[in-house]
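Hi,

Here is the structure I promised to pass on, with my notes on what turned up in it. Have a look at it first, and then read on.

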Amino acid sequence: MSALPQPILQVSDIAVSYGRIRGCEDVSFALYPGEVLGIVGESGSGKTTLLKSLSAQLPPDSGTVTYRNRQDEDVDIYAMSEPERRFLMRTDWAFVHQNPRDGLRMNVSAGANVGERLMAIGRRHYGEIRAEADDWLQRVEVDTTRIDDLPRTFSGGMQQRLQIARNLVTGPRLAFMDEPTGGLDVSVQARLLDLIRNLVTDLGLAVVIVTHDLAVARLLAHRLMVMKQGRVVETGLTDQVLDDPQHPYSQLLVSSILQT
């Protein structure tokens, strides 16, 4: 009899505040390998604050975030040293920003953006690094003839695909995504969503994705958490929450989409 899978991320009673303003409070959940968790809610609901706290960017006031590493050890990410956390974020973790300019180096080439992540984990052979960057540009549907072009010459959709390549080239186990299709045209958004879904499946990634778009959540997430004023008001399988929401706030979110 095979053992049950262990959570790759265990979150217990996380709370973050900005002075008297509550960012998020009493948030707990477990995320398993290969699972995509969507966090939804309107602006100001606390979802981005929570994402920053989960991804080692914003220490919580209380609670713990525990990561199960490649050695099957559970480590408290805020008990780690700063260099250990930075190494984790370059190797095991990926963070995809809403604005790709926040996740790219705009003054170096597309190939160098991807190659830098490989160099950060010790790769040094220039030819191999360039070949792998070329391969990843193909995977994210960026024309490989533009490997030496600067990201600022790319469209918004191409910049976002490049940011995804930069993040996933090191084979991370866990990805955090903050509105990864926000601000893009509908047709560009649809292609990017298909790309993300296929990559997540192919790589077996565990993902925490923040979005205000319930259509994005339905397409990508296995499970949803609905947040309001810093608290989780409902959680469950994505189709269950969207097709039969139980909390009045969840019902309001779903009905507002149906009325547009």
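Let me start with a charged pair: the side chains of Arg85 and Glu82 form a salt bridge, at 2.8 Å from N to O. By salt bridge I mean a side-chain nitrogen of Lys or Arg within 4 Å of a carboxyl oxygen of Asp or Glu. Both residues sit in helix α2 (residues 82-91), three residues apart, about one turn of the helix. Helices (H or I, at least four residues) and strands (E, at least two) are DSSP runs, numbered from the N terminus. Arg85 is buried at 12% relative accessibility, whereas Glu82 is partly exposed at 40%. Here buried stands for under 20% relative accessible area, exposed for over 50%, and partly exposed for what is in between, with a 1.4 Å probe and protein chains only.

Before the rest, a word on the source: this is a predicted model, in which local features need pLDDT of at least 70 and side-chain atom pairs count only at pLDDT 80 or more, while totals for chains, interfaces and linings use all residues. Residues are numbered from 1 along each chain as its sequence is written, and side-chain values use heavy atoms, with hydrogens and water left out.

Arg105 is partly exposed at 37%, and Glu116 is partly exposed at 22%.

Asp194 and Arg197 make another salt bridge, with 3.2 Å between the closest N and O atoms. These two are three residues apart in helix α6, about one helical turn. Asp194 has a relative accessible area of 36% and Arg197 one of 35%, and each is partly exposed. There is also a network of salt bridges that links Arg22, Glu25, Asp26 and Arg231.

**The sheets**

Four strands form an open sheet in the order β2-β1-β4-β5, with antiparallel pairing. Two strands count as paired if DSSP finds at least two bridges between them. At the edges are β2 (21-31) and β5 (74-76), each pairing on one side only. Neighbouring strands here are turned by 25 degrees against each other on average, direction ignored. Axes are lines fitted to C-alpha atoms, for helices over the stretch in contact, and angles run from 0 to 180 degrees between N-to-C directions. Within this sheet, β1 (residues 9-18) and β4 (residues 62-68) run antiparallel and are joined by five bridges; Val11 stands opposite Val65 in β4.

An open sheet of six strands has the order β6-β7-β8-β3-β9-β10, and its pairing is mixed. Its edge strands are β6 and β10 (231-237), each of which pairs on one side only. Four bridges connect β6 with β7 (residues 174-178), and the two run parallel. Val96 has Met177 in β7 opposite.

**Two helices to look at**

Helix α1 lies across β1, β2 and β4, at about 125 degrees to β1. Ser53 is part of this helix (residues 47-54) and is buried, with a relative accessible area of 0%. Leaving out residues up to four places away in sequence, Ser53 touches Ile14, Val16, Leu58, Pro59, Pro60, Val65, Ile77 and Tyr78, where contact means heavy atoms within 4.5 Å.

Which helix is largely enclosed by the rest of the structure? That is α5, where 12 of the 13 residues are buried. What covers these buried residues includes β6 (93-96), α3 (110-120), α4 (126-139) and α6 (186-203).

**The cores**

The largest nonpolar core has 47 residues, of which Val114, Trp136, Val140, Ile164 and Val207 touch the most other members. Helix α6 gives the largest share of this core, six residues. A nonpolar core is a set of buried Ala, Val, Leu, Ile, Met, Phe, Trp, Tyr and Cys residues joined through side-chain atoms within 4.5 Å. A second, separate core of 29 residues includes Ile8, Leu9, Met80 and Phe95.

Best wishes
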